[in-house]
Protein chains: 2
Amino acid sequence: MSERWKVVIVGGGFGGLCAAQALKSKPVDVTLIDRRNYHLFQPLLYQVATGSLSPGEIAAPLRSVLSRQKNTRVLLGDVQDIDPASKRVLLADGASFEYDSLIVAAGSQSFYYGHETWREWAPSLKSVEEATAIRHKILYAFEVAERISDPAQRRAWLTFVIVGAGATGVELAGAIAEIARQTLKHDFRSIHPEEARIILMDGAPRVLPPFPEDLANKAARTLAKLGVQVKTGLMVQDIDKEGLTIQSRDGIEHLEARTILWAGGVTASALGKILATRTKAETDRGGRIKVGPQLTVAGYPDIYVVGDLALSIDSDGKPLPGVAQVAMQQGTYAARAIVQKVQNEKERSPFKYFDKGSLAVIGRWSAVANAFGFHLSGWPAWLIWAFIHLMYIVQFQSRILVFIQWAIQDLTFSRGARLITGAAATDFNFNNELASLVKKSADINKVVQSQPPARYDL
Amino acid sequence: MSERWKVVIVGGGFGGLCAAQALKSKPVDVTLIDRRNYHLFQPLLYQVATGSLSPGEIAAPLRSVLSRQKNTRVLLGDVQDIDPASKRVLLADGASFEYDSLIVAAGSQSFYYGHETWREWAPSLKSVEEATAIRHKILYAFEVAERISDPAQRRAWLTFVIVGAGATGVELAGAIAEIARQTLKHDFRSIHPEEARIILMDGAPRVLPPFPEDLANKAARTLAKLGVQVKTGLMVQDIDKEGLTIQSRDGIEHLEARTILWAGGVTASALGKILATRTKAETDRGGRIKVGPQLTVAGYPDIYVVGDLALSIDSDGKPLPGVAQVAMQQGTYAARAIVQKVQNEKERSPFKYFDKGSLAVIGRWSAVANAFGFHLSGWPAWLIWAFIHLMYIVQFQSRILVFIQWAIQDLTFSRGARLITGAAATDFNFNNELASLVKKSADINKVVQSQPPARYDL
């Protein structure tokens with residue numbers, strides 16, 4: 001029986017995985033628990049949603065990443081509770097694990113500002129399942145539009161709205177524009193996919209709010225060139241099956257759109273809320289747990305919180321953003337702090353975030369980058385983006401493949417991963433949807449077997 | 001309005017797609033209807049099921065394959081009925097399409113010999129959804145085994161049974177053996193994945209019944225070397241959640257196995273059964289529709305049936321097997337026959353199958369091949385197999401990627417696509433399953449945080 005210091009890490013995202021890797025060969029026993037059997041490279045998830053990559057290409061099995069790390073064990077399990085008194089984490093299946101040090105890296109979830117019904121009509125981009133659901137939704141929209149002849153209905157099916165113009169929203173809008181204008185260009189006979197409307201909206205006065213204004217403006221211009229309509233200063237009032245209700249300075253407007261994607265806010269994961277209750281920790285509006293300079297919860301020096309779930313205040317008094325870089329640096333910091341404690345070394349100096357800058361990709365060979373005071377855009381920013389993302393992907397194998405996919409796609413505009421699978425057909429009610437639309441249409445046989453139709457105005 | 005000859009093709013598998021491609025630039029209007037938006041390269045589906053490839057890598061969007069073929073239109077739809085009197089096919093969504101010539105390439109489905117309840121516990125390998133379900137099932141079995149300590153339970157979770165020792169069964173068994181003995185070797189702390197039992201069973205007296213005996217024997221020896229137990233001359237009496245009941249010469253035996261895969265028989269697709277009723281066509285036991293020497297249904301010279309759904313008798317009086325080669329040659333033949341009819345040329349000579357041989361892959365660098373009288377095994381057969389399969393994959397992009405994946409995996413034994421996604425967690429009832437098992441186990445904390453356990457006997 002081992003008597004070594006027991007470290008439990010909850011979550012195998014950027015924070016949890018970096019913490020586990022920083023504990024390699026250290027005199028501790030590590031247990032990493034995640035609900036998933038893989039680490040997901042979230043920054044490329046929008047490429048799964050838009051059919052450029054397969055899920056397997058941006059995910060690495062946690063077991064395989066940590067396979068050779070003898071002091072580390074990976075467990076597939078759903079942590080439901082944390083008991084700081086007995087120092088245990090409790091799983092949904094009834095098992096419980098004791099810890100000497102706990103690193104909570106349970107991340108965030110998408111937030112619909114209290115309108116949970118919107119989730120059904122406007123999926124967000126947090127998981128592989130949601131990414132594939134979004135892919136199905138986008139591809140189905142073109143399939144349905146091809147099958148119906150009513151112009152208003154077609155227009156609604158060929159309208160794509162992305163709510164939230166942060167990095168994810170900009171990336172999704174750019175990719176959908178490329179699908180419509182390039183990838184699918186020759187694929188249909190009744191519709192012209194390149195006439196699809198792609199609308200990117202936000203409540204803020206401009207896209208990419210965290211970026212400097214000149215880069216945000218450049219991004220907006222690139223989006224316009226790709227055919228994306230950017231609408232800012234708008235508030236979403238309602239989302240349903242038919243579309244959105246939007247409030248702007250000009251009043252309330254209804255927009256018919258069958259594909260709505262949510263790139264809006266996030267909130268703390270469910271486990272974060274439980275941890276806050278158990279430790280009576282201070283939280284912010286988004287449910288993030290306030291941590292001290294050493295990333296521990298006040299009163300609980302053995303509980304570290306890292307990543308999206310942590311409300312960590314920088315030296316200049318501002319909270320750190322919920323990005324991969326912060327999570328990775330925090331995970332590594334927490335792991336080192338634990339090792340120092342175990343080895344009875346002097347206490348670590350406070351966590352200090354080293355900001356390497358921010359990046360957002362807009363489309364093929366185009367991005368904006370803000371790093372070390374330099375503002376880059378266009379293909380130089382894209383190259384930096386591609387390089388950094390490739391380097392970060394955990395597995396050697398994925399890295400090569402992703403690179404080759406990109407090379408091929410940039411040469412051919414094709415997208416390999418354009419499958420509609422799973423329960424999509426019933427989820428989106430394709431047959432029923434069509435059945436009612438087909439009735440309203442003229443004889444579809446005529447549409448189908450005639451020559452390509454005249455262009456219609458969207 | 002076009003007055004050209006209307007060809008409707010039902011199904012975008014090997015037969016339907018080859019037919020469509022053979023009609024390129026011909027004076028006909030082609031409508032290809034499929035329930036899926038992609039052509040699936042079925043012979044590599046077992047690699048999706050065993051985590052080597054992602055679905056996107058063996059599937060090509062039908063629209064994209066036929067994109068530049070101006071006389072061809074692809075429709076996503078579920079053909080539910082065929083009316084030979086009015087010459088129309090009817091879709092589930094209520095639309096109907098008129099044809100002058102119809103090619104039915106609706107394929108086959110897996111058949112459980114009337115025991116439909118078995119399907120739940122023993123998925124078969126016919127679709128992307130089933131392949132990913134099988135992948136989840138295999139990976140989950142190891143995850144559950146890692147979490148429980150009762151030896152009998154563990155043994156049941158680490159027992160994998162493949163029913164049916166044709167090419168698919170042999171390929172699955174070989175791949176699972178490699179997962180257990182190589183890929184996962186270092187990934188677990190409580191179990192030794194290489195001690196998993198992999199059992200391949202069949203009612204026939206040997207594996208690969210359609211192959212010559214010497215090759216079948218070689219395959220059986222290779223499987224034994226990989227650690228697969230081959231059990232022949234067995235009849236499955238029942239399959240349930242706990243395992244299988246088997247009848248052999250020695251009597252009835254119950255085998256505890258949590259992962260059972262069905263590589264047994266196939267039967268005609270549902271549409272095939274409808275077509276048989278509508279045309280009063282002769283069928284065989286498997287529901288295949290008897291076609292004449294020109295691949296048309298008796299009495300309906302405008303209805304061609306090709307591929308798995310066709311009962312086509314060769315010149316030596318034997319029915320052709322349900323393999324990709326037959327479907328492709330038949331699809332091309334039907335297309336050419338239609339063109340000749342449209343162009344008022346003389347009637348085509350009867351369909352003649354050109355047998356290029358058969359192949360089955362057994363594991364890493366090992367296969368058996370029977371072609372033009374040559375019997376090959378080991379790596380020469382594997383090279384032929386790899387070459388042929390790469391050449392056949394429709395898309396340029398997939399072809400390169402699949403090749404690189406293989407190269408990497410053969411060097412590293414790693415498998416990139418080891419994701420458990422979707423509803424798997426609830427489907428396989430992971431948490432409930434564990435909850436009851438965990439209770440029976442000793443304190444799981446001890447197992448988890450101790451050193452790797454002593455080897456146990458499976």
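This is a predicted model: local features need pLDDT of at least 70, side-chain atom pairs count only at pLDDT 80 or more; totals for chains, interfaces and linings use all residues.
**Exercise 1.** Describe the surroundings of Ser110(B).

*Solution.* Next, set aside the neighbours within four places in sequence; the residues in contact with Ser110(B) are then Arg119(B), Ser124(B), Lys126(B), Glu130(B), Gly265(B), Val266(B) and Thr267(B). Last, look at the side chains: those of Ser110(B) and Ser124(B) are joined by a polar contact of 2.8 Å.

**Exercise 2.** Work out the order of the four strands in the open sheet of chain B, and state which are the edge strands.

*Solution.* The strands are arranged as β13-β12-β11-β17 in chain B, with parallel pairing. At the edges are β13 (228-231) and β17 (259-262) of chain B, since each pairs on one side only. From one strand to the next, the twist averages 20 degrees.

Now take one pair inside this order. Strand β11 (residues 159-163) and strand β12 (residues 197-201) of chain B run parallel and are joined by five bridges. Within this pair, Val161(B) has Ile199(B) of β12(B) as its bridge partner.

**Exercise 3.** Which strands of chain B do helices α5 and α7 lie across?

*Solution.* Helix α5 (residues 128-147) of chain B lies across β11 and β17, at about 160 degrees to β17(B). Helix α7 (residues 167-183) of chain B lies across β11, β12, β13 and β17, at about 175 degrees to β12(B).

Technical notes: Residues are numbered from 1 along each chain as its sequence is written. Chains are lettered from A and ligands numbered from 1 in the order in which they are written. Side-chain values use heavy atoms; hydrogens and water are left out. A polar contact is a pair of N or O atoms within 3.5 Å; within protein, one must be able to donate a hydrogen and the other to accept it, and residues adjacent in sequence count only if both atoms are side-chain atoms. Contact means heavy atoms within 4.5 Å. Two strands pair if DSSP finds at least two bridges between them. Helices (H or I, at least four residues) and strands (E, at least two) are DSSP runs, numbered from the N terminus. Axes are lines fitted to C-alpha atoms, for helices over the stretch in contact, and angles run from 0 to 180 degrees between N-to-C directions.
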